[in-house]
Amino acid sequence: MTSSAPAPAAPAAVPAAASPAPESSLPVAGATAGAGAAKEETSAKELSEAQRKVIEGNKRKALELRKKRAAAEETSQTSPARPAAPGKAEAKTTPEKEPMPVERRSAERSKFTSISRAPWMQYNDLYNVRLDKLRPHVLKEAKCLWTSSVGPAGFVPEISQFRKAGSGEVVILGIVIRDMPARPDVIAQYRDHQAGNGMKYSDEVQMKRMASADDALWLEDPSMRVRLEFTEGLGERLVTGLVLAAKGLVTDEGLFRVSALCLGSMPASSPLPAPKSTEANQYLAFVSGLMLGSPAADVAARDRMVSFLTRSSGDAAMDILSSSICRLVVCGDSIDGEARNRPGGVAAALEEADELFEKVAAVMPVDVMPGRTDPANYTLPQEPLHPFLFRRSRSCNGFRSVKNPYDAMVDSLHILGHSGQPVEDIMRCSLIERPLEALSLSFEALHLAPTAPDTLATQPFKDADPFIIDTVPHVLFSGGHDREAHAWRAGSAGGTQILCVPSFASHAAVVLVNLHDPRDVRVQEFSTCGDGDVQMGGVPGAADVAMGTTS
């Protein structure tokens, strides 16, 4: 313990100037003003009677003037605004200061719109909320799997009690912590960077894998943390932020040797829509990574995509298919991230995007999400792109700027997804190689962004974790990947289509999901082959082949 310093001795006498002013004196603001008032009170005895009268008169005049000003301000607030003086134009609110139309920026049922904002603080509250919300699901799954091999006493309520459960296997539950030595030292980067230039990271640095086979893995709850020891390959998929249960034994070194792992039990899924044999199929279209403004963009492929979506391709079969599309979801990265490094690049890219969205929104509803390269806030959830960035598109009733992540009901199907940042970060922080596997891990863990806020920037929410998957969606998507991939996960009453939407810059395609049967996924190609030939047409989906996985 640290002893406190002894209190200094009280002074023998206090100067008169330091004594507080009497209660009858006028109130003044600030310590300096108070000291001045006290000094004035002390020296008032030395003033003549005439001088005191002048001072009191000045005080009365100042008080009357203050009252007149307050009355004038109150009158101006209640009276109607006066017309502008002749020859002076009325001041207008500039576009960037006008409020964003609510009906155009939010999805129908998005919890990312309704959640309250918390002040910036430490992140431990967010992890505590996540653990509390997901613990019942994980514990339920663990007891379902391991009750026969682990007695009731083996399911310890806290990690700190795992030594008291006896010599047999025990089950502990907590949040995974992955200690990655290859993780960049942010403090060193900030210290070594020149002040005022901003910390800029290239795509290569942002996407560099930080995980390795030598990483240390821990399981933590509010009571303590314990280091996990795995058999080969069991910990490769784990990332910081996952809530899971581990079954195993305590070693002599104090480690926890894991024999099995489990994530949370899946909530009951909503039933699929009833088959409508008398109605034509309706499709929800997904596109991502348009990278408008990029000099390397395949403009011809993009024009073919626009012709397809606007039902003007000239091919009767394709126009019939496009007429069945009821909505287009643009999953981020509409603007080339390098455009900001070229003079006028962002403005030109936004003009190009405005023209494209206007054409499509005139035919069908278009929901535009922000992504990593778009002019939006960096942290998740990302706010909608401001409609004034799209001056022509926003006049279309079908155009809507929405948040990232996206959460909406479309024709009785629950659609949930994001622009790809959480999947990219999972792959950086684990040994997972394929985006579909990373998105599947997120689905199994009942969390859209498990690595947030550790390596994925987000706000430190205090009373809620908006990324928890509390309702099983019919479609879970992620945008911005190299290739299209999807997998159907059957549920108790329905199921979920897990979908990786390709970046148009890497794989020129639009993905279509059947709203009457989300197991039916089609990929419409628009790429230009190396010999100049055009590849344009659909790739069979789950309705054309046996149910399974396309990767």
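Visitor: How many disulfides does the structure hold?
Guide: The structure, a predicted model, holds zero disulfides. A disulfide would need a pair of cysteine sulfur atoms within 2.5 Å.

Visitor: Why is Cys429 called buried?
Guide: Its relative accessible area is 3%. Buried means under 20%, so Cys429 counts as buried.

Visitor: What makes Cys326 partly exposed?
Guide: Cys326 has 24% relative accessibility.

Visitor: Why does Gln497 count as buried?
Guide: Its relative accessibility is 1%, and the cut-off for buried is under 20%; Gln497 is therefore buried. Gln497 lies in strand 14, residues 495–502. Leaving aside residues up to four places away in sequence, its contacts include His474, Trp488, Pro518 and Val521.

Visitor: Why is strand 6 called largely enclosed by the rest of the structure?
Guide: Strand 6 spans residues 283–287, and five of the five are buried, so the strand is largely enclosed. Both of its faces are covered: Tyr283, Ala285 and Val287 are buried on one side, Leu284 and Phe286 on the other.

Visitor: What makes strand 6 and strand 7 a pair?
Guide: Five bridges join strand 6 to strand 7, residues 325–331, and the two run parallel. Pairing requires at least two bridges, so the five found here qualify the strands as paired. Tyr283 stands opposite Ile325 of strand 7.

Visitor: In which sense does strand 6 pair with strand 15?
Guide: Strand 6 and strand 15, residues 509–514, pair in the antiparallel sense over four bridges. At Phe286, the bridge partner in strand 15 is Val511.

Visitor: How do you know that helix 11 is mostly covered?
Guide: Eight of the eight residues of helix 11, residues 421–428, are buried.

Visitor: Which residues touch the most other members in the largest nonpolar core?
Guide: This core has 48 residues, and Phe162, Ile172, Val176, Leu219, Val226, Leu242 and Phe256 touch the most other members. Helix 12, residues 435–444, gives the most to this core, with five residues. A second, separate core has 34 residues, including Leu290, Leu309, Leu356 and Val368.

Visitor: What does Phe256 touch beyond residues up to four places away in sequence?
Guide: Its contacts include Phe162, Ile172 and Val226, which are also listed with Phe256 among the residues that touch the most other core members. Arg227, Glu229 and Lys247 are among the other residues that Phe256 touches.

Conventions. Residues numbered from 1 in each chain as written. Predicted model: local features only at pLDDT ≥ 70, side-chain atom pairs only at ≥ 80, totals over all residues. Heavy atoms only, no water. Buried < 20%, exposed > 50% of the residue type's maximum accessible area, 1.4 Å probe, protein only. Core = buried A, V, L, I, M, F, W, Y, C linked by side-chain atoms within 4.5 Å. Contact = heavy atoms within 4.5 Å.
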